[in-house]
Amino acid sequence: MEDEFKIHVDRLRHGEMEKIRETVDPGFLEQNDEELAFNAPISFHGEAYLAEQDLVVHLDIETKAKLPCSICNELTEAPLILKGLYHIVPMHEIKTGVYNLKEFLRETIVLEAPHFVECHGGSCPKRKELKRYLKSPGSTKKEEEDGTYHPFSEL
Ligand SMILES: [Zn+2]
């Protein structure tokens, strides 16, 4: 288990490059609440190699985050695509000959997750109400009650 996160540093000592291509369950992120959740598989691919005294990991990460729509609060899925990440680890910090990517992935994905999303691909049904609220602060009580909105009535 967990082999998908491991980089065998000892096998890279002579300039080899380890190809990384994995898709893992999002459970290890331990991020699953109302504000931000991950249910979709997490794909990461790239390569790892040694440069002088460092392990260099070069990765793309792809998954989907779930968070409330910024307008109506409906739980909405948003793609999370991170390209060309570099993660550099000094070799002396890797005692066992194996480096585990899990912590790096967890921190990066949770940190880079989107903070704003709008449901229905950017046309939240509640947007109209919000617009009305924002654009007509002077609207009368009556207008609000009968539900009609006259965008140009003040022109
Ligand atoms: Zn919405």
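What share of the contacts in the chain with a separation of 6 or more comes from residues 24 or more positions apart? The share is 60%, where a contact means heavy atoms within 4.5 Å.

1. Basis of the note. This is a predicted model, in which local features need pLDDT of at least 70 and side-chain atom pairs count only at pLDDT 80 or more, while totals for chains, interfaces and linings use all residues. Residues are numbered from 1 along each chain as its sequence is written, and side-chain values use heavy atoms, with hydrogens and water left out.

2. Overall make-up. The chain has four helices and six strands, which are DSSP runs numbered from the N terminus (helices H or I, at least four residues; strands E, at least two). Along the sequence they follow the pattern β-β-β-β-β-β-α-α-α-α. Of the 155 residues, 37% are buried, a term that stands for under 20% relative accessible area, with exposed set at over 50% and partly exposed in between (1.4 Å probe, protein chains only).

3. Four strands form an open sheet in the order 2-3-4-5 with antiparallel pairing, and two strands are taken to pair if DSSP finds at least two bridges between them. Strand 2 (18–24) and strand 5 are the edge strands, each pairing on one side only, and the twist from one strand to the next averages 15°. Between strand 4 and strand 5 there are 14 bridges, and V56 has I88 in strand 5 as its bridge partner. Helix 1 (residues 102–112) lies across strand 3 (42–51), strand 4 and strand 5, at about 135° to strand 5; axes are lines fitted to C-alpha atoms, for helices over the stretch in contact, with angles from 0 to 180 degrees between N-to-C directions.

4. H87. This residue of strand 5 (residues 75–90) counts as buried because its relative accessibility is 16%. Leaving aside residues up to four places away in sequence, H87 touches L55, V56, V57, Y99 and F104. With Y99 there is also a side-chain to side-chain polar contact of 2.8 Å (a pair of N or O atoms within 3.5 Å; within protein, one must be able to donate a hydrogen and the other to accept it, and residues adjacent in sequence count only if both atoms are side-chain atoms).

5. The zinc site. The protein donors of the zinc ion are the SG atoms of C69, C72, C119 and C124, at 2.2 to 2.3 Å; donors are N, O and S atoms within 2.8 Å of the metal (3.2 Å for Na, K and Ca), and sites may look incomplete since water is not among the atoms. The donor atoms subtend angles of 106 to 112° around the zinc ion, so the arrangement is tetrahedral, which for four donors requires all angles to lie between 85 and 135 degrees. C72, in the loop between strand 4 (54–68) and strand 5, and C119, in helix 2 (residues 119–122), are 47 residues apart and link distant parts of the chain. C119 is buried, with a relative accessible area of 4%.

Key: Four donors count as tetrahedral if all angles lie between 85 and 135 degrees; four count as square planar and six as octahedral if opposite donors are over 155 degrees apart and all others between 65 and 115; anything else is irregular.
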